[in-house]
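Please look over the fold below.

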Amino acid sequence: MKETLKIDPFGFREYDARWLYPENINLEGIECLGKGLGTQIINHTKKNNPRVVVGHDYRSYSEDIKSALKKGLTSTGCLVEDIGLSLSPMVYFAQFNLNADAIAMVTASHNENGWTGVKMGIKKGLTHAPEEMKELKDITLNQKFIKGKGSEKKINNFQQIYKNDLINNNKINKKIKAVVACGNGTAGIFAPDILRGIGCEVIELDCNLDFTFPKYNPNPEDLEMLHAISKAVKENNADIGFGFDGDGDRVGVIDNNGDEIFSDKIGLLIARNLSKKYHGSKFIVDVKSTGLYAKDDKLINNNCETIYWKTGHSHIKRKVNLEKALAGFEKSGHFFFNKPLGYGYDDGINSAIQVCHLLDNQNKKINEIISELPNTFQSPTMGPFCKDNEKYRVVEDLVTEIKNLQNDKIKIDGQEISEILTVNGIRFSFNDGSWGLIRASSNKPSLVIVTESPSSENRMKKIFNFIDDLLQKTGKIGEYDQKI
């Protein structure tokens, strides 16, 4: 007897699809998703039999999910090419290497066990953006499916092709001792081999695959994971520590003293290093990132331009592509390298490799290189509760209010607002490089607040107090998840 279709509409997120399995989606629902995706690919490519690369992560149920997805895809006429156990960036790479029409990667990234999902894309190097997700949701839930005759085939040994591509282009001369932590996620069978291959001495930490994630989730923003890497770096007197997420598209970095380096600062160091060789390059960073990019002497001297853009890996990826930028950096640890360094998508291992090049090019420890950056006082990312159906309106009203304050030359901590950016909420800056950000969260009923000052911790706090006063006056704000 066939199971009843189950597919929660809320699983269609801003850039990928994620559900609790089997509570919110079952295999029948996944097959339905495959039919929706296959139909969408055919509509976009205008091909009756488009070729679709499919891979899966190491969760206990991911192969079952993938089988159901492939069944849906082939029913529409898609020719599925299955590359097996994969990282998300390996699937993105395969689209270029095999010249396929689209991709589908079965993963819930760093989410806890019980979650499943699919990252998908049609145009090479890009994943679905909100418009494509909305279209996919409509096709799937309303069952507007194309019927066709597809097929599937296995592509063997693709893991080695992906590894070789990263190793062969990135050999280093210095023997860098690196702790490589994978939280028992899929990156464990890739990251150590690749980093050894380029010339690192690798100390493995939780690199054996175990879908129960016995210690902690493979998430480089998880404090337990970061503390474990820090401990291993100190015990082994390592030069650097890398932590990879469950599907290998993000990396966290720990310095030689065991201290975490925020990803936006790592991005700036990489941008500085690249700017020496690639004069006149563009870099894309998300609006949550440090203001140091905009005023950095080394980038300015090398005629490089930094563009602040919407937070979210799909948004930054597309902007890197559109602007033909050399690289993009997101505060969450997604880094994007365009030609000749990569194909424009986020690959955590390639990001770690670029950090190794940074060390290879200088006779300094990573903490010494970091100390060359100007010091800034930056708040954590804070999320005050705000209802999903109210948050965008609240932000719109605040944009108007802050623009009025700028026009009226109202001072905050003795400074007038010098610049306003509204690509994603509002980021308002001052002449000394201090800034504040208010935006709506794309995946939760909350706002996102960040402030930073190169001048003092006190100024950073005063900018936050100014934002908090504006928020409280709206009467629409609840508790913060954390607060300075």
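The sections below cover a predicted model.

## The six-stranded sheet

An open sheet is built from 6 strands. Their order is β1-β5-β4-β2-β3-β6, with mixed pairing. β1 (17-20) and β6 (151-154) are the edge strands, each pairing on one side only. On average, neighbouring strands of this sheet are turned by 20° against each other, direction ignored.

## The largest pocket

The largest pocket holds about 1,600 Å³ of space. Its lining counts 50 residues. Closest to the centre are Glu221, Arg250, Lys288, Ser332 and Lys444.

Elements that give two or more residues to this lining are β5, α7 (223-235), β10 (251-254), β11 (260-261) and β21 (447-453). β10 provides the largest share, 3 residues. By class, the lining has 13 nonpolar, 21 polar and 16 charged residues.

About 480 Å³ of space lies in the second largest pocket. It is lined by 15 residues. Nearest its centre lie Phe10, Phe12, Arg13, Glu14 and Ser442.

Two or more lining residues come from each of α4 (130-141) and α14 (391-407). The largest share, 4 residues, belongs to α4. The lining of the second largest pocket divides into 6 nonpolar, 2 polar and 7 charged residues.

Methods:
Residues are numbered from 1 along each chain as its sequence is written. This is a predicted model: local features need pLDDT of at least 70, side-chain atom pairs count only at pLDDT 80 or more; totals for chains, interfaces and linings use all residues. Side-chain values use heavy atoms; hydrogens and water are left out. Two strands pair if DSSP finds at least two bridges between them. Axes are lines fitted to C-alpha atoms, for helices over the stretch in contact, and angles run from 0 to 180 degrees between N-to-C directions. On a 1 Å grid over the protein atoms alone, a cavity is a set of points where a 1.4 Å probe fits but cannot get out, and a pocket is an open set with protein on both sides within 12 Å along at least five of seven lines; lining residues have an atom within 4 Å of a point. Grid points are joined across faces, edges and corners, and a volume is the space filled by probe spheres set on the points. Ala, Val, Leu, Ile, Met, Phe, Trp, Tyr, Cys and Pro count as nonpolar, Asp, Glu, Lys and Arg as charged, and the others, Gly among them, as polar.
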